[in-house]
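Visitor: I am new to reading structures. Could you walk me through one, step by step?

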Amino acid sequence: MGILLHIGRYFEFLRQVVGRPERTRLYFQRTLEEVDLLGVRSLGIVALLSVFMGAVITLQTSSNIDAAWIPRYVVGFTARQSVILEFSPTIISLILAGKVGSNIAAEIGTMRVKEQIDALDIMGVNSASYLVLPKIVAAMLINPFLIVISMFLSIFGGWVVSIGTGVVSPTDYITGLQWDFDPFTVTYALVKTVVFAFIITSVAAYHGYHTQGGALEVGRSSTTAVVYSSILILIANYLLTQLLLI
Amino acid sequence: MIEVVGLSKRFGDLQVLKGITATFEKGVVNQIIGRSGSGKSVLAKCIVGLHHPEEGRVLYDGRPFFEMSIEEKRTIRQEIGMLFQSSALFDSMTVEENVMFPMRMFTTMDIEAMRERARICLERVDIIGKERLFPAELSGGMQKRVGIARAIALTPKYIFYDEPNSGLDPQTAILIDGLIKELTEEYGTTTIVITHDMNSVMETGQNIIFIHDGQKWWQGDRQELLDSSDQELNDFIFASELMRQARRAITGRLE
């Protein structure tokens, strides 16, 4: 019953969010601000994680492929496939669900308990749309760029490892990267990213918007938002993979 | 003028409002008083549409609020200003941006005109030279005054004040009370103040509605309140010895 109530309220909330904006120009400005807050300010953590994860994927693949009959360039191939298909779009999105999602839920939840959302409603502003729509649009626009950057940096991390440790020669690594490349895998990754960006922002905003109580409940909303958006990302990941790749 | 007719509101099994009918006059300070949990804030939130009552009507100068479409409600809300108990200023905006916000949303004024209007509103509430500060950098009293400046930015017809004196020292509370009365007379607004501050009731109350047990228990002006023999009302208003002494001094009435 509780889940059905949440599903109903979530879709009702989305209907409010896509309501007609009062001032399109103001929404555009807010979207640009959110691009900076949600995207540009996540670049550091995304870059750091990507470089190290690319390096680790390369090391692990190399240590697990020790049969003489498997060509060494398979290390580069496996690293590329792992990064493009799963690590960058899914794992980075899960990390963003923690960073950005908790931030959105806490921000909107605090506005709710401090009566700022009531103030918007009384002024006649569509508060759900004003607060949430720019965040959803911004994340859906900027996250694909973050993920593409993550892909390049992860592959770069693997290449640095190939030079630094010699577990695979840089030539083999680059040959593997280029071997049997299907550009559709990038399209698949970007489609997933856009869907995940929508889930992260809308689920976090929903939990923040419906916060009731005080500081404790804001914290609880923030945690719940991260949990639910992570679960939904995993479910959507499975469904999209089934739809697009199989 | 705002008319409330037969307003009832329930939360689960709890009947908070039980068919309240009241009229809030234009150009006077209307006060809703009552004990904590009596339903006065719920009544105010029903009037402004933050809560939807199960029964009853709210008429803004004869216009039935709950029967309106969402767009019509949004339009009428632009005629409403509200000061919240917590001031509800937007943390991420400066004082000036807070006051300019309703203008940015609902008018076609250029930035200079909005700045000028914000300056006038802030001057009206005695906030000068604080335009660039953020709400967190202001005292509670200043935040309330900025909240009032934002509420009057679009020269509303109806202004609601939810516990305007809560958390303020007595001197600042008197200043806020004075400001509420002056603005009501100056703009000719329908003003509704939700309070349980008895100083405020005695200073500015012109049309006082006492809510008890979810019902409109009593209605009258300050003099009628002093002369009232209603036991519930007297228990609430004259709970302290100080208030009883004040009544004796004013009316000569003994307990």
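Guide: Let us start with contacts. Contact means heavy atoms within 4.5 Å. Leaving out residues up to four places away in sequence, A:Glu34 touches A:Gly39, A:Pro134, A:Lys135 and A:Ala138. A word on the source: this is a predicted model, where local features need pLDDT of at least 70, side-chain atom pairs count only at pLDDT 80 or more, and totals for chains, interfaces and linings use all residues. Residues are numbered from 1 along each chain as its sequence is written, chains are lettered from A and ligands numbered from 1 in the order in which they are written, and side-chain values use heavy atoms, with hydrogens and water left out.

Visitor: In which helix does A:Glu34 lie?

Guide: Helices (H or I, at least four residues) and strands (E, at least two) are DSSP runs, numbered from the N terminus. A:Glu34 lies in helix 2 of chain A.

Visitor: Is A:Glu34 buried or exposed?

Guide: Buried means under 20% relative accessible area, exposed over 50%, and partly exposed in between (1.4 Å probe, protein chains only). A:Glu34 has a relative accessible area of 2%, so A:Glu34 is buried.

Visitor: How many salt bridges are there over all chains?

Guide: First the rule. A salt bridge is a side-chain nitrogen of Lys or Arg within 4 Å of a carboxyl oxygen of Asp or Glu. The count over all chains is 22. One of them joins the side chains of A:Lys192 and A:Glu86, at 3.3 Å from N to O.

Visitor: Why does the pair of A:Lys192 and A:Glu86 tie together parts that are apart in sequence?

Guide: Look at the helices. A:Lys192 lies in helix 8 (residues 184-209) of chain A and A:Glu86 in helix 4 (residues 73-113) of chain A, so the pair ties together parts 106 residues apart in sequence. A:Lys192 counts as buried, at 0% relative accessibility. A:Glu86 counts as partly exposed, at 31%.

Visitor: Which residues form salt bridges with B:Arg124?

Guide: B:Glu182 is one of them, with the closest N and O atoms 3.0 Å apart.

Visitor: Now the interface. How many residues of chain A are in contact with chain B?

Guide: 19 residues of chain A are in contact with 26 residues of chain B. Buried area is the accessible area (1.4 Å probe) that two parts lose on being put together, summed over both. Chain A and chain B bury about 2,100 Å² between them, 58% of it on carbon and sulfur atoms.

Visitor: What is the count of salt bridges between chain A and chain B?

Guide: The count is one salt bridge. The side chains of A:Lys114 and B:Asp91 meet there, at 3.2 Å from N to O.

Visitor: Which helices of chain A supply at least two residues of the side that touches chain B?

Guide: Helix 2 (24-39) and helix 5 (116-123) of chain A each do. Helix 5 of chain A gives the most, with seven residues.
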